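Here's a quick briefing to read with the structure open next to you. Keep the model in view and find each residue as it comes up.

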Amino acid sequence: MMELNSLRQFLVVARLEHLSRAADELRVAQPSLSRTIARLERDLGAPLFDRSGRLRLNDTGRLFRDHVERALGELEAGRRAVAEATERGLGAVRLASETFLTLTGPLASFKRSHPAVELELHWSPPEDMARRLRSQEIDLCVASQPIHTEGLEGTALFEEEVGAAFPLDHPLAGRASVTIGDLADQPLVTARGGHWLRRLLDRLFAAHGLSPRIVCESDEHSAIADLISVGLGVGLVPAFARRSVTRAPLAWIPLDDPAARRAVTLYWAADGHLSTAARLMRTTITDWNWTTGEPPSP
């Protein structure tokens, strides 16, 4: 009989495709983890990984992973449904996003309306969001780029322009618009790889056969505008963020490129159980007036 802990350990190995790193994350000995995976493969009667060179999840492993994610997700959904029913409360809500700067308005409104609800915020790269939704690790996620996978439902929140930000004394600061070519030789301040802003930057430059000259990769995405304003470089800044970074003196200039946009979408698992609190949060976010940055009119 397969143990739940073995299945959870398998999912970590499947995600990382590296036994040593998986053992470190799980805080178990690597030989013990290897035996767990071998026992699973023996019980299933098929290998789950290719071991020629680097460890790789094979087709059978991907098939099994998808079923395990759904099964463990249903167990977690059942546990939370029972807890919600017996406690007669609204439950809790777990929300993941690449950045919470966009969500400060609806989050504050939600807490004012529902102060007793426990709210968990999780930073998550987009490549992990679908997996975490399917496994019921999170209830909702807000992504700044489309997630193309089965088993999710979503609703578009807003789409916006992404422009170039310059220090006020920069030679290009007075332009009506700029091109990616104008940015080719500029020192760039941006987010680390995997963040939607960095992916957009790399995609725009690659489309023009150019490579960005990055001088700063920031983990603190809200600090990018500040770093640009003091003259460290230039960078991409979404239109939405302009309302939140007014303290930073910047020249924000449209990019002459139709692909310089982001589409923000709220996702949840199609077959997952959402607590009352999660459903209320979904309504708060979807009904939010993203144009004005205020709650919807009564």
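What follows is a short tour, from the whole protein down to single residues.

Keep in mind that this is a predicted model. The protein has 298 residues, and 46% of them count as buried. Its secondary structure comes to 10 helices and 11 strands.

**The big picture**

- Along its principal axes, the C-alpha trace spans about 70 × 55 × 30 Å.
- If you look at contacts with a separation of 6 or more, 72% of them are between residues 24 or more positions apart.

- Start with strand 3, which covers residues 92-97. Six of its six residues are buried, so the rest of the structure largely encloses this strand.
- In a regular strand, side chains alternate between the two faces of the sheet.
- Strand 3 is covered on both faces: Ala92, Arg94 and Ala96 are buried on one side, and Val93, Leu95 and Ser97 are buried on the other.
- Strand 4 (residues 118-123) runs parallel to strand 3, and six bridges join the two. One of the pairings to look for is Val93 with Leu119 in strand 4.
- What lies between these two strands in the unit they form? It's helix 5 (residues 104-113), and together strand 3, helix 5 and strand 4 make a right-handed β-α-β unit.

**Strand 5, paired with strands 3 and 11**

- Strand 5 pairs with strand 3 in the parallel sense, over three bridges. Here the bridge partner of Ser97 is Val142 in strand 5.
- Strand 5 is also joined to strand 11 (residues 261-269) by three bridges, but these two run antiparallel. Look for Ala143, whose bridge partner in strand 11 is Thr265.
- Both faces of strand 5 are covered too, with Leu140 and Val142 buried on one side and Cys141 and Ala143 buried on the other.

**Another crossover: strands 7 and 8**

- Strand 7 (residues 187-191) and strand 8 (residues 213-218) run parallel and are joined by five bridges. Between them, the chain passes through helix 8 (residues 196-207), and this β-α-β crossover is right-handed.
- Ala191 has Ser218 in strand 8 as its bridge partner.

**Ile147, a loop residue**

- Ile147 sits in the loop between strand 5 (140-143) and strand 6 (152-167).
- Is Ile147 buried or exposed? It counts as buried because its relative accessible area is 14%, and the cut-off for buried is under 20%.
- Leaving out neighbours within four places in sequence, Ile147 is in contact with Pro126, Met129, Ala130, Cys141, Leu152 and Tyr267.
- Ile147 and Arg261 are 114 residues apart in sequence, yet their C-alpha atoms are 16 Å apart in space.

**Arg132, a buried arginine**

- Arg132 lies in helix 6. With 13% relative accessibility, Arg132 counts as buried.
- Setting aside its neighbours within four places in sequence, Arg132 is in contact with His122, Trp123, Ser124, Glu137 and Ile138.
- From Arg132 to Ile147 is 15 residues in sequence and 13 Å in space, C-alpha to C-alpha.

**Two residues with a positive phi**

- Most residues other than glycine have a negative phi. That's the background for the next two residues.
- Glu17 isn't a glycine, but it has a positive phi of about 50°. Find Glu17 in the loop between helix 1 (4-16) and helix 2 (19-26). Its relative accessibility is 16%, so Glu17 counts as buried.
- Gln136 isn't a glycine either, and it has a positive phi of about 65°. Gln136 lies in the loop between helix 6 (126-134) and strand 5. At 5% relative accessibility, Gln136 counts as buried.

Terms used: Residues are numbered from 1 along each chain as its sequence is written. This is a predicted model: local features need pLDDT of at least 70, side-chain atom pairs count only at pLDDT 80 or more; totals for chains, interfaces and linings use all residues. Side-chain values use heavy atoms; hydrogens and water are left out. Helices (H or I, at least four residues) and strands (E, at least two) are DSSP runs, numbered from the N terminus. Buried means under 20% relative accessible area, exposed over 50%, partly exposed in between (1.4 Å probe, protein chains only). Contact means heavy atoms within 4.5 Å. Two strands pair if DSSP finds at least two bridges between them. A crossover is right-handed if, with the strands pointing away from the viewer, the path from the first strand over the helix to the second runs clockwise.
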